[in-house]
Amino acid sequence: MNICNKPPNKVAAETLGQAAAEGQGQYTRRNGWSWPLHLFQVTAWLLYLFYALVGFGILVPLLPHHWLFAGYVCPGLCFLYHLIVHLSAVSIDPADANVREKNYLRPVATFNRSQHAHIIENLHCHVCDVDVSAKSKHCGTCNKCICGFDHHCKWLNNCVGERNYWHFLNSVLSALLGLGLLLLVACYIFMEFFLDPGVLRSDQHFDAVKNHTDCWFVFLPAAPLQTRAWAILLTAGIFILLSLMTVILLGHLLAFHIYLMWNKLTTYEYVLQQRLQQVVKESEMQLESCPSQLTPIQVLLL
C-alpha cells in the first residue's frame with residue numbers, strides 16, 4: 001500500500017466473501033473424503049503408516065524384555081486414539097446446520113458482485129442460499145458456510161469448525177504424544193547400537209545367530225525377516241530425523257492453538273487481527289515518511 005502516490009481506497013484486508021467468490025460455480029464439498037484429495041492429506045497418511053510400521057515392526061521389538069510391554073502399549077494406545085479422532089475430524093461435516101440440510105449433489109449459486117458486496121449479508125449466504133448463524137463463515141475451498149469457522153486444514157482436507165475442532169485438537173495432541181514416545185525408543189536403540197548392542201538382541205530368534213553380530217531381524221516376533229546391522233542403523237536414523245521434525249511442527253501447532261484458546265480467538269480471527277495490525281503499521285510508516293502529501297481527510301482515516 002502506497003498512500004503517498006494514490007488514494008487510500010483499501011485500508012483493510014479483503015473480506016472472506018471476496019476471496020471465496022473465486023470458487024463460484026463449484027460443487028460443495030461434504031467433508032475430508034470429498035474429491036479431490038489433497039497432497040498434504042495423502043502425505044499425512046503415508047507418514048502415519050511409516051511411523052507405525054517402522055516403530056512397531058522394527059524398533060519396539062528390539063527393546064529389552066522388561067520394556068517390551070510398555071513399548072507396545074503406551075505409544076500403541078496413542079496411535080490408536082489418534083486414528084479414531086483423526087478419522088472423526090476428516091469425516092465430520094463442519095457446515096452450518098442449514099447448509100447440511102441441503103443437497104450436496106447440486107451446484108451452489110453463483111455469487112454476483114454487482115448485486116452484493118459480501119457473500120454473507122444479514123446472516124444470509126448468497127452462495128449457499130440459506131440463512132446462517134452469526135458465527136458462520138464461508139470457506140472458499142469447501143464452498144460452503146462453516147459453523148464456528150477456525151481454518152481450512154489441508155492435512156485433513158476438511159474445514160475445522162465448531163463441530164470438529166476438538167477432534168482436530170485431540171488428533172494433534174495424540175500424534176504428538178505417540179510419536180514422541182516412539183522417538184524416545186528410536187533414540188535409545190540408536191545409542192545402544194553403539195554402546196551395548198547385545199541388549200537389543202534379547203529375542204529368542206537371536207540365539208541362532210549370536211555369533212554373527214552383523215545379523216539382525218526385523219518384524220519380530222511374528223514375521224522375522226533377516227537383515228544387516230547397517231540397515232537397522234539407517235532406518236533408525238531416518239526415523240529419528242523425520243519424527244523429530246514432525247514433533248517440532250506438531251508441538252508448535254499445539255502451542256499456537258493453546259494460545260488461541262487462552263485468548264478466546266479462532267485462527268481466522270487471529271489472521272484478521274494480524275492483517276489489521278500490519279495495515280495500521282504500514283499506514284503509520286507512510287504517514288511518517290510523507291505527511292506533507294496527505295490530505296486532512298486521509299490523515300483522519302489513518
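**A loop residue and its surroundings**

Modeller: Let's start with L123, which is partly exposed, with a relative accessible area of 44%. Bear in mind that this is a predicted model. L123 sits in the loop between β1 (120–121) and β2 (124–125), and its phi is near 60°, a positive value in a residue other than glycine. That is worth a second look, since most residues other than glycine have a negative phi, and most peptide bonds are trans.

You'll find F219 in the loop between β8 and β9, and with a relative accessible area of 29% it counts as partly exposed. That loop also holds P221, and the peptide bond from L220 to P221 is cis, with omega near -10°. Another cis bond runs from W35 to P36, where omega is near 0°. P36 belongs to the loop between α1 (16–20) and α2.

Now for the interior. Of the 302 residues in the chain, 40% are buried. The largest nonpolar core has 45 residues, and L59, W216 and F239 have the most contacts inside it. The elements giving two or more residues to this core are α2 (39–59), α3 (65–91), α5 (165–195), β8 (215–218) and α6 (229–262). α5 gives the most, with 13 residues. Take F239 as a way in: leaving out residues up to four places away in sequence, F239 touches F50, Y51, V54, G55, L59, L179, L182, L183 and A186.

α3 passes α5 in a left-handed crossing. On the α3 side the contact includes C74, F79, Y81 and H86, while the α5 side includes H167, F168, N170 and L182.

The UniProt record, an unreviewed entry, annotates residues 39–63, 69–92, 172–191 and 229–255 as "transmembrane region". In the model, residues 172–191 are 100% helix and 0% strand, with the end C-alpha atoms 28 Å apart. Residues 229–255 are likewise 100% helix and 0% strand, and there the end C-alpha atoms are 38 Å apart.

C159 counts as buried because its relative accessibility is 0%. Not counting residues up to four places away in sequence, C159 touches P94, C139, C142, I146, F149, H151, H152 and N164. C159 and N31 are 128 residues apart in sequence, yet their C-alpha atoms are 7.7 Å apart in space.

As for the chain overall, its secondary structure comes to 8 helices and 9 strands. Among contacts between residues at least 6 apart in sequence, 62% join residues at least 24 apart.

Technical notes. Residues numbered from 1 in each chain as written. Predicted model: local features only at pLDDT ≥ 70, side-chain atom pairs only at ≥ 80, totals over all residues. Heavy atoms only, no water. Core = buried A, V, L, I, M, F, W, Y, C linked by side-chain atoms within 4.5 Å. Buried < 20%, exposed > 50% of the residue type's maximum accessible area, 1.4 Å probe, protein only. Helix = DSSP H or I, 4+ residues; strand = E, 2+ residues; numbered from the N terminus. Contact = heavy atoms within 4.5 Å. UniProt positions renumbered as here; feature names shortened; annotations may be inferred. Left-handed = near helix turned anticlockwise from the far one by under 90°.
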